[in-house]
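Trainee: I would like a close look at one part of this model. Please take me through it piece by piece.

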Amino acid sequence: MVKAIVNFSHSKFARSFYAAFAGAALTWLLLSVAFLALNWIVDLADIAAPENAVALQGTVRLILAVLMGILGFIAGSGVLNGLWIGRFLYYAGRTALVRGLFGQGLVFAIVYFLMRDVRTIPEIESGVTQASGEAAIVLGALLSTFGFLWFSGVMTDWTLQMFGHHTELKHGGPPGEPEWLRYFNIDVNHKVIGIQYGVTGILVLLLGGALAILFRLELAFPGMQLFSTDDYNTLFSAHGMIMIAAVFLGVGALINYLAPVMIGAADMAFPRLNAFSYWIGVPAAVMLVGGMILGWDTGWVGYPPHSSSTQMLGVVLFLMGFYMNGFASIASAINLLVTVVTMRAKGMNYWRMPIFVWTAIATSIMQFSATQTVGVALSMVLLQRTMGMNFFDPSTVPPGDPVLYQHLFWFYSHPAVYVWVVPGFGLISELLPVFARKPLYGYKWVAMSSIGIALVGFIVWAHHMFTAGMPDTLRYIFMVSTMFVGIPTGVKFFSWLGTIWGGKMIYPTPMLFILGSISVFLLGGLSGPILATIPTDLHLHDSYWVVGHFHATIFGGFVFPFFGALYYWYPKITGRMYNEWLGKLHFWLMLPAFWVMSIGQMVVGLRGMRRRIADYDPALNLDFTHSLITIATLVIGWSVLIMIYNLWTSARSKELAPENPWGSRSPEWLAPSPLPEFNYLSPIEIIGEPYEYGKDEEEIYARPIPAIGD
Amino acid sequence: MKNGLARHLTIATVLTVLSTFGMYFVLKSLFALPVQATVEGAKIDRMFDGHWWVISALFSLIIVFMLYAIFAFSRKEGEEGEGMYMHGNMALEVTWTVAPLILVLAFGWWGSALLSELLDDSRDSEAITIQVDAYKWAWRFKYPQEMGGVETSTLYLPKDRLIVLEMESQDVIHSFWIPEFRVKQDILPGRKTYLRFTPSMTTQEIADAHGDSSYQPQVRCAEICGTSHAYMLAPVEVLTDQAAFDEALFNAGQLSADPVERGEKWYVDYGCNSCHSMDGSLDGKAGPTWLGIYGREEELVDGSVVIADDDYIRSSIYYPNEQIVAGYAPNIMPNNFEAQFLEQQQKIKNEINQDIDIVSDLIEFMKTLEE
C-alpha cells in the first residue's frame with residue numbers, strides 16, 4: 001500500500017501534475033510580485049490608477065496561471081522539451097522542491113478551510129473569538145510542514161521502513177536524468193547537501209539584502225518617502241529573520257561540505273537525517289516569507305505582549321517558521337557531533353583535526369543544547385495568541401510575566417550569535433596558515449578558545465535585558481560574565497597575529513577576505529564591552545550603536561570569512577578557478593563600504609538614533625550620516641552581485657583548476673576536485689601534524705593508507 | 001633572524017603606542033555623544049572615556065601589528081620558501097589570557113560601582129517622584145499630590161533636583177530614553193520600573209549646547225511597540241529652578257474657560273495627537289486625521305456609511321473597537337478612555353467644582369479643524 005503510493009508519486013501522471021503546479025504557482029507568484037511593485041510605484045508617483053485595476057490584475061493573474069498550468073501538464077510528458085519553457089516545466093515537475101511546495105500548499109489549504117468552516121458552527125463560535133482564524137493559520141502552517149516533508153520525499157525511506165520495507169541509501173544522481181537534477185531532489189550525499197545549503201543561503205542572503213536596501217532608501221532622509229510605518233516595520237523584521245536564516249544556511253553549508261572531508265570520512269553519520277535538516281528549512285522559509293507578506297511588526301525578537309497582541313497576523317507565521325528552523329539546528333548538530341566522534345580517519349586524534357572541525361564541534365554543542373528554549377518561548381506566544389493560554393500578559397489572574405519570554409528567548413538567541421561566528425573564526429584560523437606559510441600559532445589554545453566561547457556563551461544571555469526590568473542583582477552578574485567572552489576572543493586575535501608574524505604572506509582573494517574579516521570583527525568585538533558595562537549601556541541599549549556592533553560582529557565573524565571560504569574552496573567544489581580580478585574588486589568594494597556602514601551606524605546611535613524606527617528626528621542632525629550608510633549599503637549589495645556573477649561564470653569555464661592551488665596541507669586536497677561521491681578514492685590515515693608549514697624536514701600530514709604489502 | 005624579529009617587535013610596539021593616542025582623538029571627534037545634561041551623565045561619560053582609551057589601545061594593537069606584518073612579512077617578488085617555523089609560546093599565551101582578565105575585572109568593578117550609584121534609592125525621600133504612563137504611542141506624566149497632582153504630556157523637570165520616575169505601561173513594553181540624560185529603562189505592563197537622574201541643564205541650555213536654539217529634547221521610546229513607535233515622543237522641559245517648575249505645573253493644571261482650548265489640551269494630553277493628525281497628514285499615523293472630521297461621512301469596514309456627529313465621535317472614543325473606519329485596524333486605540341475621562345472629570349469637579357465633559361471639549365476642538 002505504502003509502496004504503491006510511493007510508486008504512484010513517481011508515475012508519469014504525477015510528474016505532469018507537478019509540472020502543472022509549478023507552472024501555475026510560479027506564474028501566480030511572479031505576477032503577484034510584479035503587480036505589487038507596479039501598484040507601489042503608481043502609488044508613489046501619485047498616478048491615478050483606474051478604479052478596477054486591482055480586480056483586473058486578479059483576473060489577468062488567474063487566467064495566465066491556469067494557462068501556464070495547462071502548459072505545464074503537457075510539458076510534463078516531455079513533448080515540449082524543444083522550447084526552453086517546456087524544458088523548464090518538464091524538469092520542475094521532477095524536483096523535490098516543487099513536490100514539497102505542492103504538498104505544503106495542499107495541506108495548508110485543507111486545514112485552513114476546514115478550521116475556518118468549523119468556526120462558523122454557532123456553538124463553537126460563541127466560545128471562541130476571532131483568535132480561531134489565526135488558529136487556522138497556525139495549525140495549517142504546522143501541518144503544512146509535514147505536507148512538504150512527505151510530498152518532497154524526505155520521509156519516504158523512514159515511512160517505508162516503518163511498514164517493514166527494506167530501503168537502501170541511494171547514491172548518485174536520479175537515474176536517467178541529468179546530474180544537476182540531484183541538487184533539486186532529496187539527496188543524502190553531504191557535499192550535495194552542503195551545496196544545497198550554500199546556494200539556498202546565498203539566495204536567502206540576496207532576499208534579506210534586498211529588503212535592507214529598501215528600508216535603507218527610506219532611512220536615507222528623515223520623513224517617510226517610500227513606505228508606511230507598518231510596511232517599514234515589516235521590512236526590518238523580515239530582514240532580521242531572513243538574514244538569520246541565511247547565516248544558518250551558510251553555517252550548514254560550511255559544516256556539511258567541509259567537516260566530513262576534513263576528518264577523512266566518506267559522509268555524515270546519519271545521511272537521511274542530514275537531508276531532513278536541510279529540507280525542513282524550506283517550508284520554514286516559506287512561512288517566514290508568508291509572514292512578511294501578511295506583515296509583522298515585532299522585529300525578529302518578537303517580544304510579548306506586543307507579539308502576543310499585535311494585529312499584524314504575519315507574526316504567527318514568523319513564530320512558526322522560526323520554530324521549524326529549530327529542528328534543522330538540533331538534528332544537524334547531533335549529526336555533526338556523532339560524525340566527528342565516530343568517523344575520524346585512522347590516526348586523526350582530536351589534536352590533529354583541522355581547526356575548523358573544532359569550531360564545528362563548539363557550534364554544534366550550542367545548537368544541540370540551547371535551541372529548545374527558544375522553541376518553548378515561540379510556542380508559548382503561539383499558544384497565548386491562539387488558545388488563550390496566558391503566559392506573558394500581566395493583567396490576568398494569575399498574572400503572566402512579559403520578561404519571562406526574554407529569558408527563554410535570549411538563552412538560545414545569544415548562543416545563536418556564536419553559532420554563526422565561531423565557524424567563521426574556524427575559517428580564519430584554517431586559512432591564515434595556508435597563506436602565511438606558517439603553522440597555526442597556539443593550536444590547542446585556539447581550539448580550546450572555541451569551546452570557551454561556546455561555554456561562556458551560555459551564561460551571558462541576560463545582557464540583552466540590561467534595561468528590561470529584571471532584578472538588579474542579575475545585572476551585576478551578567479555585566480561581569482559578559483565581559484569574560486572577551487578573553488577567549490582575545491586569544492583568537494592574538495593567535496592570528498602570531499600566525500602571520502614572520503610569515504611569507506600572499507594575497508589572493510580568500511586571504512584578503514580573511515584579513516578583512518579580522519579588521520571587521522575587531523570593530524564588532526571592540527564595540528562590545530562598552531555595551532557590557534551597564535552604565536554606558538544605559539545610553540546605548542536599543543540604539544543604532546547596537547545595530548552597528550551587531551552587523552560588524554556578523555560580517556566579521558561570518559559573512560567575510562564565508563565569502564573567503566567560497567573563493568578558497570571554489571576550485572575544490574567545482575574543479576574550476578574563479579576570476580581573481582573580479583574577486584579582488586568584490587573585496588575592495590565591500591570592505592570600505594562595510595566600514596562606512598558599520599561606523600556610521602555607531603555614530604548615529606551615540607547621537608540618539610533608536611533601533612527599529614521608521615523615521616527619525618531631523619533635529620538630531622543624522623541625515624548626512626544616514627545618507628552615507630545608505631550609499632554604503634548599495635555598494636555592498638553590488639559587490640555581492642559581482643561575486644555571484646564571478647562564481648556563476650567561472651563554473652562554466654573550460655579550464656580546470658590546479659589540483660592544490662593554495663599548496664594546502666589539509667586532507668581534502670588529497671582527493672580529486674570536484675570531490676568524488678565518497679570523497680577519498682581510498683581511505684586515508686593521518687601520520688603528522690596539520691599545519692607544519694616551513695618545517696625543515698618535511699612532515700606529511702595525511703596520506704592514502706598503503707595497500708598491504710606495499 | 002632572531003634579532004630581526006626583536007627589531008620588528010620594537011617598531012610595531014612603538015607604532016601601537018603612537019597610534020593609541022591618535023585613535024583616541026579620532027574616536028573622540030567621530031563618536032560624539034549628545035549634550036550631557038544630568039549629574040549622572042557626567043559620571044557615565046567618564047566611563048565612556050575610559051572605554052574610548054581601551055578601544056583605542058586594543059584597536060591599535062591588533063591593526064598596527066596586522067598592517068606591520070603585511071608590510072614586513074609579505075612574500076617578495078620571486079621569493080621562495082615558507083614562513084618561520086614556530087608553534088606558539090606558553091608565556092605569551094598566558095599573558096594574553098591574563099591581561100584581558102585583569103582589564104575585565106577592572107571594568108567590572110568600575111561598572112558595578114557606578115551602577116550601584118545609579119540605582120541608589122537612599123535619597124528617594126528628597127526626590128521628586130513622577131509617575132510615567134506609557135501607552136501606544138504616547139506618554140503621560142503625573143506629578144505628586146503636593147504639586148497639585150497635575151497630569152501632563154510634556155515632561156516638566158526642575159534643574160538640579162533628584163528625579164525618580166515610577167513607570168508603568170498600559171499595554172506593551174516601551175522604553176524611556178532621553179539621549180541627553182544618558183539613561184534608559186524599559187517600561188513593563190503590570191510591573192513598575194524606576195529611573196533616577198538629576199538634570200543639570202535647562203532645556204534652553206541643552207538646545208544652545210546642541211547648536212540649535214530651537215532644538216527640543218525629547219523622551220524617545222526605545223523598544224519596538226508597533227505602528228507609530230518612531231513617533232512615540234514627549235517634549236522635555238527642564239526649568240531653571242523650583243519656582244519656574246511650580247509655575248509650569250500650575251499653568252499646566254489650569255483649565256481654560258474656552259472649550260476649544262481645553263479640547264486642544266486634551267488632544268495632546270491624552271496622546272490623541274500620536275495617531276490622529278490635525279493637518280490631514282497620514283504618515284505614520286494609525287488613525288484617521290481630525291482635519292475636517294466633524295460631520296464627515298466615514299465608510300466603515302463593514303461597508304456601511306456613518307456621519308461623524310457627536311454621538312458617533314463619543315462612542316468611537318469610548319468603544320473604539322465597534323465602528324472601525326475602512327482602512328484601519330481594531331484593537332489599536334486604548335479602550336479605557338471612558339474610565340480615564342470620568343476620573344479626570346471627577347477630579348476637576350472635586351478641585352474647582354466645575355463640570356467638564358472632555359469628549360464635548362474634544363468635539364468643539366474638532367469643529368475648528370476645517371479643511
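Trainee: Which residue stands opposite Trp177(B) in strand 9 of chain B?

Mentor: Arg220(B) stands opposite Trp177(B). First, the ground rules. This is a predicted model, where local features need pLDDT of at least 70 and side-chain atom pairs count only at pLDDT 80 or more, while totals for chains, interfaces and linings use all residues. Residues are numbered from 1 along each chain as its sequence is written, chains are lettered from A and ligands numbered from 1 in the order in which they are written, and side-chain values use heavy atoms, with hydrogens and water left out.

Start with strand 6 of chain B, residues 174–178. Strands here are DSSP runs of E, at least two residues long; helices are runs of H or I, at least four long; both are numbered from the N terminus. All five residues of strand 6 of chain B are buried. Buried means under 20% relative accessible area, exposed means over 50%, and partly exposed lies in between (1.4 Å probe, protein chains only). In a regular strand the side chains alternate between the two faces of the sheet. One side of strand 6 of chain B carries His174(B), Phe176(B) and Ile178(B). The other carries Ser175(B) and Trp177(B). Both faces are covered.

Now the partners. Two strands pair if DSSP finds at least two bridges between them. Strand 6 of chain B runs antiparallel to strand 7 of chain B, and five bridges join them. His174(B) stands opposite Ile187(B). Phe176(B) has Gln185(B) as its bridge partner in strand 7 of chain B. Four residues lie between the two strands of this hairpin. Arg182(B) takes a positive phi there, near 75 degrees.

Strand 7 of chain B spans residues 183–187, and five of its five residues are buried. Val183(B), Gln185(B) and Ile187(B) lie on one side. Lys184(B) and Asp186(B) lie on the other, and they too are buried.

Strand 6 of chain B also pairs with strand 9 of chain B, antiparallel, over two bridges. Phe176(B) stands opposite Cys221(B) in that strand. So Phe176(B) has a partner in strand 7 of chain B and another in strand 9 of chain B, given that strands pair only with at least two bridges.

Strand 9 of chain B covers residues 218–221. Gln218(B) and Arg220(B) sit on one side, Val219(B) and Cys221(B) on the other, and all are buried. Three bridges join strand 9 of chain B to strand 10 of chain B (residues 233–239), again antiparallel. Arg220(B) stands opposite Leu233(B) there.

Last, a look at the interface. Chain A and chain B bury about 8,200 Å² between them, 68% of it on carbon and sulfur atoms. Buried area is the accessible area (1.4 Å probe) that two parts lose on being put together, summed over both. Tyr441(A), Trp501(A) and Arg610(A) supply 10% of the area that chain A buries against chain B, more than any other three residues. Four salt bridges cross the interface. A salt bridge puts a side-chain nitrogen of Lys or Arg within 4 Å of a carboxyl oxygen of Asp or Glu. Glu79(B) and Lys504(A) meet in a salt bridge at 3.1 Å, N to O.
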